[in-house]
Amino acid sequence: MSDEAMLTEAAARLFGDLAAKRDAGFAELWTPVEEAGFPLLLVPEADGGFGGSWQDAFAVLRLAGYHALPLPVGEAIIAAWLLNGSGLDQPEGLATIAPRIDGKLADGRFTGSVAGVPWGGEATAILAISDGQLIVLTGADAERIDPHENPADEARDTLYFTDAVVASAACAADLMALGALIRTAQIAGAMDAALAQSIAYANEREQFGKPIGKFQALQQNLAVFAEEAAAVNCAGQAAFAAAGKYDGAAEFEVAAAKLRANIAIGVGTSTAHQVHGAIGFTREYGLNPLTRRLWSWRSEFGNDRYWSRILGHQVVAAGADAFWPNLTQRSDP
């Protein structure tokens, strides 16, 4: 068995077990993930990490999405990668990332806030990037934490700091793009899971004396759903391959992948709920945690408009003659 196959098998088994008890406390769910070493997936072995590739990261995060895992696995992976690349120490406990920062950094101290932080209230360290500086805030230094959740009940907290001592280092990474990578992989997995559940339900649910999956109209809708799910997986894999090639700096590919994933969510979730009917909306049913996450993730780390503008600006800046050559050469090994 290859290293990649062993990794995905271990992730699938662990994430499946944890998803089955998603109502447990954060520490109970997070500890097995941390002990398995998943946060250090992109950290080189020489530095005490797993030494995995960006393609490995896609496979793991896709499985996190497939199982609707209520944990910041992707955020922890990116945080560890940023810390390692910047020469900063890995903290004990959860390190997560902040999509929004508002404040002032002066003389190694930060006053301000970070918002929309995945599981910020549980974090030992929160990473943000401002003006080319990676800022590492200590969760215990927050003078106030306002707990918030997205529509899928995932923690998206706001933390406030006053004159907090921070570690910092120069960093050229785009945290919005890195977060979009995480969400694209999770969306790919959740789309596949929602599709599988929809097909299974269509083959079990009978109406007019036969399974509803035998009706041509429903078959057509599921076929379109399958096309959308496949497109997200292809776009996501290409974006992660480009991230590996360009050391995380693959804004064009990330923009295309996140935008494609966002668009697919509308088709996939509507079809899944049309197939299931009322039962699909109940919290106890397996479709509910998937579609609520898909709706939430569509707007996180860049919505449709955000990434459309990024793509548009890049294409216009390069000029018409460069469009096709740039499109075909990207991610080409």
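The scale here is buried for under 20% relative accessible area, exposed for over 50%, and partly exposed in between, with a 1.4 Å probe and protein chains only.

Quick housekeeping before I go on. This is a predicted model, where local features need pLDDT of at least 70 and side-chain atom pairs count only at pLDDT 80 or more, while totals for chains, interfaces and linings use all residues. Residues are numbered from 1 along each chain as its sequence is written, and side-chain values use heavy atoms, with hydrogens and water left out.

Now the overall picture. We have 10 helices and 10 strands in the protein; these are DSSP runs numbered from the N terminus, helices being H or I with at least four residues, strands being E with at least two. The C-alpha atoms fill a box of roughly 75 × 55 × 40 Å along the principal axes. The radius of gyration is 20 Å, which agrees with the value near 20 Å for a compact globule of 333 residues. That radius is taken over C-alpha atoms, and the globule rule is 2.2 Å times the number of residues to the power 0.38.

Of the 333 residues, 49% are buried. The accessible surface comes to about 15,100 Å², and carbon and sulfur atoms own 52% of that. Areas are Shrake-Rupley with a 1.4 Å probe, and for residues only the protein chains shown count as cover. As for contacts (heavy atoms within 4.5 Å), take those with a separation of 6 or more: 69% of them are between residues 24 or more positions apart.

On to salt bridges, meaning a side-chain nitrogen of Lys or Arg within 4 Å of a carboxyl oxygen of Asp or Glu. A search of the whole structure turns up 14. Let me show you three of them.

Aspartate 153 pairs with arginine 283, and the closest N and O atoms are 2.9 Å apart. Aspartate 153 is in the loop between strand S6 (144–146) and strand S7 (156–165), and arginine 283 is in the loop between helix H7 (251–276) and helix H8 (287–299), so this pair ties together parts that are 130 residues apart in sequence. Arginine 283 itself is exposed, at 53% relative accessible area. For context, most residues other than glycine have a negative phi.

Tryptophan 119 does something along those lines, with a positive phi of about 55°. You'll find tryptophan 119 in the loop between strand S3 (109–118) and strand S4 (125–130), and with a relative accessible area of 9% it is buried.

Next bridge: arginine 156 with glutamate 300, closest N and O atoms 2.9 Å apart. Arginine 156 is in strand S7 and glutamate 300 in the loop between H8 and helix H9 (304–318), 144 residues apart. Arginine 156 is buried at 9% relative accessibility, and glutamate 300 is buried at 13%. Both belong to a salt-bridge network that also takes in Glu75, Glu154, Arg183 and Arg293.

Aspartate 192 is buried, with 18% relative accessibility.

How many disulfides are there? The count is 0, going by cysteine sulfur atoms within 2.5 Å as the rule. Among the cysteines, cysteine 171 is buried at 12% relative accessibility, whereas cysteine 234 is exposed at 53%.

Last stop, the surface. Phe323, Trp324 and Leu327 form a nonpolar patch with about 320 Å² of accessible area together. Patches take residues with over 30% relative accessible area and no salt bridge, joining like charges within 9 Å and nonpolar side chains (Val, Leu, Ile, Met, Phe, Trp, Tyr) within 5 Å. Tryptophan 324 lies in helix H10 (residues 320–329) and is exposed at 55% relative accessibility.

That's my tour, over to you.
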